[in-house]
Amino acid sequence: IVSVAVGTYLSSFLPIRFKGRFKKLKGIDEFLAYSSTALISALFITSLVSFPVKLDDLSIGIVASVFVLVSYIKWKNLGVSVSIGVAVHLSLSLAIKNFI
């Protein structure tokens, strides 16, 4: 959890911190703009899929992601969407754990 938190923080901080220093390099603005998005996407994929793949865990993650997407489309608030996704993931995990 700590490494993901540090990675997320650095992916937002470093492009802002070093943007002025690399203006002379061609294409660095575009690289810095997309680097944080790429890092967050990589963290998301690695947290969604773990090996060996368990169908229960994968389906819970996909259902929670759908809830995040739908709630973001409806309210356009990332905080609310992530909170809903966490709540759905927790409730489905507990339901499957208690059911099995």
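Student: Which exposed residues sit on the face of H4 turned away from its buried side?
Tutor: Val86, Lys97 and Asn98. Exposed means over 50% relative accessible area, buried under 20%, and partly exposed in between, with a 1.4 Å probe and protein chains only. This is a predicted model: local features need pLDDT of at least 70, side-chain atom pairs count only at pLDDT 80 or more, and totals for chains, interfaces and linings use all residues. Residues are numbered from 1 along each chain as its sequence is written, and side-chain values use heavy atoms, leaving out hydrogens and water.

Student: And which residues are buried in H4?
Tutor: Ser81, Gly85 and Val88. Down the axis of H4, its buried residues fall within an arc of 65°, so they line one face. That arc is taken over the directions from the helix axis to the C-beta atoms.

Student: What covers them?
Tutor: The cover includes H3. Helices here are DSSP runs (H or I, at least four residues), numbered from the N terminus.

Student: Switching to H3. Where does Tyr72 lie, and what is it in contact with beyond its neighbours within four places in sequence?
Tutor: Tyr72 lies in H3, residues 55-75. Beyond those neighbours, Tyr72 is in contact (heavy atoms within 4.5 Å) with Asn77, Leu78 and Ser81.

Student: Why does Tyr72 count as partly exposed?
Tutor: Because its relative accessibility is 35%.

Student: Back to H4. What caps its N-terminal end?
Tutor: Asn77 does. A side-chain oxygen of Asn77 lies 3.0 Å from the backbone nitrogen of Gly79.

Terms used. Helices (H or I, at least four residues) and strands (E, at least two) are DSSP runs, numbered from the N terminus. A polar contact is a pair of N or O atoms within 3.5 Å; within protein, one must be able to donate a hydrogen and the other to accept it, and residues adjacent in sequence count only if both atoms are side-chain atoms.
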